[in-house]
Amino acid sequence: MNPLLSHFTRFDPETGIVEGVPGISRRLADLRGAFTDEDAYEAALRRGNPVVYTVSSVSAGTGEGALHYGIGVLYPGTIGQEYFLTKGHLHSWRAAAEVYVGLKGEGKMLLEDEATGGSTIVDLLPNSAVYVPGHTAHRTVNVGATPLVYIGVYPAEAGHEYREIAKKNFRMMMIEVDGKPVAVKREEYLKGGLV
Ligand code: PAN
Ligand code: ZN
């Protein structure tokens, strides 16, 4: 048995903080390029640099067959019409899938097949799970008014690859229209349609 392996993890359901694990915080300034409305992004940054989300990762198991998991807390908010979101990534080991379990709040997951560009948007809600297949870019969006808390479990060897998303972003986006979340194609949004 791996002596570093801890079988039991307790986390704060409000903050996602795991005992003994330093979490990472992503602030608005870390999310340059993730929001489509650049003017709204720059204007928001001039007003402040809030924490948009935190992730506490538990990576006790190592080697073939091991799993890692992270507890994410994505705060509510918007930049222009766009809801607060995570950077989004592919796994470096593309075949690595992931299971997300919603714990609190109201979210959506944007899934985008790397080969076809095909998009799927799935609810991320308490008492529900989302299966993210391999070869699929994934991003979490908080479309509610309270923190979105979730856990994501993935192979220890998955790795995180952010460059592809940073280059071209996701094809779909979630925007707020009349107080409700609406999915739009980025190219349509950029043309000024559907809003
Ligand atoms: C999650 C994500 C978490 C933060 O644990 O890492 O939601 O999103 P970004 O990593 O895109 O900033 C996961 O999918 N891990 O593989
Ligand atoms: Zn992932």
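This is a predicted model: local features need pLDDT of at least 70, side-chain atom pairs count only at pLDDT 80 or more; totals for chains, interfaces and linings use all residues.
The side chain of E114 meets that of R94 in a salt bridge, with an N to O distance of 2.8 Å. R94 lies in the loop between β6 (90-91) and β7 (98-104), and E114 in the loop between β8 (107-113) and β9 (119-124), so the pair ties together parts that are 20 residues apart in sequence.

In total, seven salt bridges were counted. Among them is the pair of E42 and R32, at 2.5 Å from N to O. Because E42 belongs to helix α1 (residues 38-47) and R32 to the loop between β1 (24-27) and α1, this pair links parts that are 10 residues apart in sequence. E42 is partly exposed at 29% relative accessible area, whereas R32 is exposed at 52%. A further salt bridge joins the side chains of E164 and K167 (3.4 Å, N to O). Both residues lie in helix α2 (residues 163-168), three residues apart, about one turn of the helix. E164 is partly exposed at 24% relative accessibility, and K167 is exposed at 65%.

H89 and H91 are both buried.

H68, in strand β3 (residues 67-74), is buried, with a relative accessible area of 14%. A polar atom of the H68 side chain lies 2.9 Å from the backbone oxygen of G61. Residues touched by H68 include V58, S59, G152 and Y154.

How values were computed: Residues are numbered from 1 along each chain as its sequence is written. Chains are lettered from A and ligands numbered from 1 in the order in which they are written. Side-chain values use heavy atoms; hydrogens and water are left out. Helices (H or I, at least four residues) and strands (E, at least two) are DSSP runs, numbered from the N terminus. Buried means under 20% relative accessible area, exposed over 50%, partly exposed in between (1.4 Å probe, protein chains only). A polar contact is a pair of N or O atoms within 3.5 Å; within protein, one must be able to donate a hydrogen and the other to accept it, and residues adjacent in sequence count only if both atoms are side-chain atoms. Contact means heavy atoms within 4.5 Å. A salt bridge is a side-chain nitrogen of Lys or Arg within 4 Å of a carboxyl oxygen of Asp or Glu. Lists of a residue's contacts leave out its neighbours within four places in sequence.
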